[in-house]
Amino acid sequence: MAYPKRSKDEIARRVASDIHDGAVVNLGIGMPTLVANHLGGDREVVLHSENGILGMGPSPRAGEEDYDLINAGKQPVTLLPGGAFFHHADSFAMMRGGHLDICVLGAFQVSATGDLANWHTGEPGAIPAVGGAMDLAVGARQTWVMMELLTKQGASKLVRQCSYPLTAIGCVKRIYGDLATLECTPAGLRLVDLVDGLDHESFEALLGLPVARAAAAAKGRA
Amino acid sequence: MIDKLATSVAEALADTPDGATVMVGGFGTAGIPNELIGGLIEQGARELTVVNNNAGNGDEGLAALLAAGRVRKIICSFPRQADSWHFDRLYREGRIELELVPQGNLAERIRAAGAGIGGFFTPTGYGTELAKGKETRLLDGRWQVFETALHADLALIKAERGDRWGNLTYRKAARNFGPVMAMAAAKTVASVYDVLPLGALDPEAVVTPGIFVQRIVQVARTATAAGGVPNPEPAPRGA
């Protein structure tokens with residue numbers, strides 16, 4: 001069966017299309033940062049950075065970097081008009097206090113009911129590092145994951161139960177992948193959209209998991 | 001008369017004992033008090049417990065303190081980075097203890113210490129390895145984990161401007177952990193680029209009030225902008 005996978009940039013565009021005007025959003029390190037490239041247009045979206053920035057803007061032009069103004073990935077960024085700086089406890093109060101509308105994170109694995117594993121492979125000798133992942137996962141009003149759905153070996157990253165150490169239980173609401181967009185519910189996965197050329201049964205076979213059909217409303221939209 | 005201005009980094013850090021718990025501000029390239037860390041290496045205190053978001057980058061600053069073998073334990077959220085080779089080596093050799101703390105718990109445990117709060121319940125980390133063995137409670141319909149306050153003997157922070165009462169302002173994202181660490185330590189030493197006369201800092205813009213600061217040390221301005229240009233904003237009038 002021939003089906004085109006969504007590129008990282010296409011997944012980022014798909015995520016961005018679901019972010020509403022006025023949303024306050026935290027984009028995790030790695031693939032989620034690509035979402036910022038697709039937030040243009042009439043929408044005003046406020047980006048939060050864990051190290052104390054609201055209203056984060058794009059990368060500066062070459063030669064205009066300021067190393068007191070960096071994002072969570074330690075890359076130079078800019079500040080938009082209206083932006084603000086604050087200390088770390090306030091920054092994490094924004095997450096933990098439920099003030100962020102959406103966070104978009106990468107993942108190693110997500111369970112069908114929304115458990116997230118994205119901080120540690122648990123391999124012997126691996127040095128663990130958690131950063132703000134656990135705070136974001138439980139604190140944002142909605143936690144979305146953006147990832148390729150299969151490993152390079154073809155194993156599904158969507159699983160019945162995570163084998164990697166957990167970041168948080170039942171926190172993931174949506175998964176934006178290269179093959180599909182899905183929702184995690186207490187009853188398991190539900191399809192939102194699927195790439196052209198891949199039928200539902202084949203997709204379930206790739207994941208090795210049952211996936212409920214897209215809700216009528218989502219179908220109508222597609 | 002209150003005068004918290006130290007004549008040198010060495011004077012400000014002279015009484016640091018072996019075994020001290022030292023909070024060090026900074027996140028990535030922003031807000032790292034390199035001159036103060038250098039002073040701590042010179043001063044020679046050993047068996048330190050260090051609290052920082054990371055575990056040292058490259059060969060300078062905190063990484064140099066680790067490389068000098070002065071740190072017994074590090075409490076941080078994100079030790080593993082592309083350039084954390086000194087920590088990586090010490091950790092793999094079993095020569096440094098690591099307490100890994102989710103970043104929000106780290107900030108809030110520090111804030112709690114500064115605010116006289118013994119501990120707090122939070123949903124962060126519930127059901128994960130980092131909450132193993134900790135007390136849990138169902139509060140507001142969510143399972144939460146008990147986390148204790150994190151105190152320090154000494155905090156080293158980088159600020160932008162200060163006055164002799166210890167009032168501080170910061171610059172951009174260099175603020176990060178500075179204000180909460182200043183509250184949590186028995187003694188806080190802040191480096192500043194400019195020392196202003198009392199009253200010259202806009203009281204509406206003071207971020208860390210002097211009550212949380214014991215010593216300030218003026219250090220030579222280092223450029224944080226590309227191309228080695230000093231910070232773009234001019235010093236305020238009256239400086």
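I began in chain A with β10(A) and β11(A), which form a hairpin with three residues between them; the model I am reading is a predicted one.

I then asked myself which strand is joined to β10(A) by four bridges. That is strand β8 (residues 142-146) of chain A, and here the two run parallel, with M146(A) standing opposite Y176(A) of β10(A). For burial, I recorded that four of the five residues of strand β10 (residues 172-176) of chain A are buried, which leaves the strand mostly covered.

**The whole sheet of chain A**

Stepping back, I traced an open sheet of ten strands in chain A, in the order β4-β3-β2-β1-β5-β8-β10-β11-β12-β13, and its pairing is mixed. Its edge strands are β4 (78-85) and β13 (211-212) of chain A, each of which pairs on one side only. Elsewhere in this sheet I checked strand β1 (residues 24-27) of chain A, which runs parallel to strand β2 (residues 46-49) of chain A and is joined to it by three bridges; in that pair V25(A) stands opposite L47(A).

**The sheet of chain B**

I next turned to chain B, where seven strands form an open sheet in the order β4-β3-β2-β1-β8-β11-β13, with parallel pairing. Because β4 (97-100) and β13 (215-218) of chain B each have a single partner strand, they stand at the edges, and one side of each is left without a neighbour in the sheet. The twist in this sheet averages 20° from one strand to the next.

I followed β8(B) to its partners on both flanks. Strand β1 (residues 21-24) of chain B runs parallel to β8(B) over three bridges, and A155(B) in β8(B) is the bridge partner of M23(B). Six bridges join β8(B) to strand β11 (residues 185-192) of chain B, again in parallel, and L156(B) stands opposite V189(B) there. Why is strand β8 (residues 152-158) of chain B described as largely enclosed by the rest of the structure? I answer from burial: six of its seven residues are buried, so the strand is largely enclosed. I also noted that β1(B) pairs with strand β2 (residues 48-51) of chain B in the parallel sense over three bridges, V22(B) standing opposite V50(B).

**Where the chains meet**

Finally I looked up the contact between the chains, to which chain A gives 33 residues and chain B gives 40 residues. On the side of chain A that touches chain B, the elements giving two or more residues are α2 and α3 (133-139) of chain A, and α2(A) supplies the largest share, five residues. By class, this side of chain A divides into 17 nonpolar, eight polar and eight charged residues.

The residues in contact are H88(A), A89(A), F92(A), M95(A) and R96(A) on α2(A), with Q103(B), G104(B), A107(B), E108(B) and R111(B) on α5(B). I sorted this contact by class into four nonpolar, three polar and three charged residues.

Technical notes. Residues numbered from 1 in each chain as written. Chains lettered and ligands numbered in written order. Predicted model: local features only at pLDDT ≥ 70, side-chain atom pairs only at ≥ 80, totals over all residues. Buried ≥ 20, exposed ≤ 12 C-beta atoms within 10 Å, placed from the backbone. Pairing = 2+ DSSP bridges. Contact = placed C-beta atoms within 7 Å. Nonpolar A, V, L, I, M, F, W, Y, C, P; charged D, E, K, R; others polar. Axes fitted to C-alpha atoms, helices over the stretch in contact; angles between N-to-C directions.
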